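Open your viewer and get your selection tool ready. We will go from charged surface to nonpolar surface, and then step back to the whole chain.

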Amino acid sequence: MSVQRRHRRYYAMMATCIALFVLAWGVVRLWSVPAAVAMCVVAMVIPPFAAIVANRREPGERWWDESGDPESDRWWRELDDKDRRR
């Protein structure tokens with residue numbers, strides 16, 4: 001999954017969350033307060049999953065492993081090369 005796709009999924013999930021809150025208390029509460037509360041509970045659960053989706057690592061991605069320390073980065077690349085040779 002590319003970075004752009006992850007960002008799109010994150011923003012879609014967060015937009016859904018906001019839409020649920022707005023619809024729950026702007027529209028649905030006029031007919032059913034328990035349904036509005038249920039919608040808010042669902043909206044409350046979405047952000048942690050959105051964060052997980054946005055921060056999920058793909059097998060080939062190493063962007064967060066780069067520390068800026070050349071010696072450390074060289075060492076990690078060397079370890080990765082050993083794993084690939086096995």
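Patches here are made of residues with over 30% relative accessible area and no salt bridge, with like charges joined within 9 Å and nonpolar side chains (Val, Leu, Ile, Met, Phe, Trp, Tyr) within 5 Å. A salt bridge is a side-chain nitrogen of Lys or Arg within 4 Å of a carboxyl oxygen of Asp or Glu. Lys and Arg count as positive, Asp and Glu as negative, with His and the chain ends not counted; each charge is placed at NZ of Lys, CZ of Arg, CG of Asp or CD of Glu. Accessible areas come from the Shrake-Rupley method with a 1.4 Å probe, and for residues only the protein chains shown count as cover.

This is a predicted model: local features need pLDDT of at least 70, side-chain atom pairs count only at pLDDT 80 or more, and totals for chains, interfaces and linings use all residues. Residues are numbered from 1 along each chain as its sequence is written, and side-chain values use heavy atoms, leaving out hydrogens and water.

**First stop.** Select Arg5, Arg8, Arg9 and Arg56, which form a positively charged surface patch. Arg9 sits in helix α1, residues 3-26 (helices are DSSP runs of H or I, at least four residues, numbered from the N terminus).

**Second stop.** Now select the nonpolar surface patch, whose members include Trp25, Met44 and Phe49. Together its residues have about 1,000 Å² of accessible area. Helix α2 (33-55) is one contributor, and its seven residues are the largest share.

**Last stop.** Show the whole chain: three helices and zero strands.

Terms used: Helix = DSSP H or I, 4+ residues; strand = E, 2+ residues; numbered from the N terminus.
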